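Subject: Structure for your review

Dear colleague,

Please find below the structure that I am handing over to you. My findings follow directly after it.

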Amino acid sequence: MRQNYHILLKLKQKDLGPISCQTLESHGIEFGYLHKDEAVIDDNGVKIMVSRIYDIRFMINNKQELIFI
């Protein structure tokens with residue numbers, strides 16, 4: 001999980017747009033090592049499910065792309 005965190009932290013700091021899951025796997029992300037999904041309310045008041053690793057929250061859309069929240 002720590003390795004996933006450091007990889008995502010570096011990518012988040014680069015302020016990239018959506019990142020494909022295939023690209024994340026090539027960087028060494030292991031999707032089996034994530035905290036459980038949790039429900040949060042977005043800026044529009046809509047309840048959405050997000051995943052997280054420590055303090056980094058993200059969601060994976062239907063195009064299999066990771067988007068930082």
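Isoleucine 7 is buried, its relative accessible area being 14%; buried means under 20%, exposed over 50% and partly exposed in between, with a 1.4 Å probe and protein chains only. This residue belongs to helix α1. Leaving aside residues up to four places away in sequence, isoleucine 7 touches His27, Gly28 and Ile29, where contact means heavy atoms within 4.5 Å. From the C-alpha atom of isoleucine 7 to that of aspartate 43, 36 residues apart along the chain, the separation is 27 Å.

Please note that this is a predicted model, in which local features need pLDDT of at least 70 and side-chain atom pairs count only at pLDDT 80 or more, while totals for chains, interfaces and linings use all residues. Residues are numbered from 1 along each chain as its sequence is written, and side-chain values use heavy atoms, with hydrogens and water left out.

As to confidence, pLDDT is the predictor's own score for each residue, from 0 to 100. The protein chain has a mean pLDDT of 88, and 97% of its residues reach 70 or more. Among its elements, β1 has the highest mean (94) and strand β2 (residues 38–41) the lowest (84).

The protein chain contains two helices and five strands, these being DSSP runs numbered from the N terminus (helices H or I, at least four residues; strands E, at least two). Their pattern along the sequence is α-β-α-β-β-β-β. The radius of gyration is 12 Å, close to the 11 Å that the globule rule gives for 69 residues, so the protein chain is as compact as a globular protein of that length. That radius is taken over C-alpha atoms, and the globule rule is 2.2 Å times the number of residues to the power 0.38. The C-alpha trace spans about 35 × 20 × 20 Å along its principal axes. Of the 69 residues, 28% count as buried.

Strand β5 deserves a separate paragraph. It pairs in the antiparallel sense with strand β1 (residues 19–20) over two bridges and with β4, also in the antiparallel sense, over three bridges; two strands pair if DSSP finds at least two bridges between them. Serine 20 stands opposite glutamate 65 in β5, and phenylalanine 58 has phenylalanine 68 of β5 as its bridge partner. The hairpin of β4 and β5 has four residues between the strands, and glutamine 64 there takes a positive phi near 60°.

How many aromatic pairs does the count come to? Rings of Phe, Tyr and Trp (its six-membered ring) pair if their centres lie within 6.5 Å; planes under 30 degrees apart count as stacked, over 60 as edge-to-face and the rest as tilted. The count by this rule is one aromatic pair. Tyrosine 5 and tyrosine 54 have ring centres 5.3 Å apart and planes at 80°, so the pair is edge-to-face. Because tyrosine 5 lies in helix α1 (residues 2–13) and tyrosine 54 in the loop between β3 (47–53) and β4 (56–60), the pair ties together parts that are 49 residues apart in sequence. Tyrosine 5 is buried, at a relative accessible area of 16%, while tyrosine 54 is partly exposed, at 41%.

With kind regards
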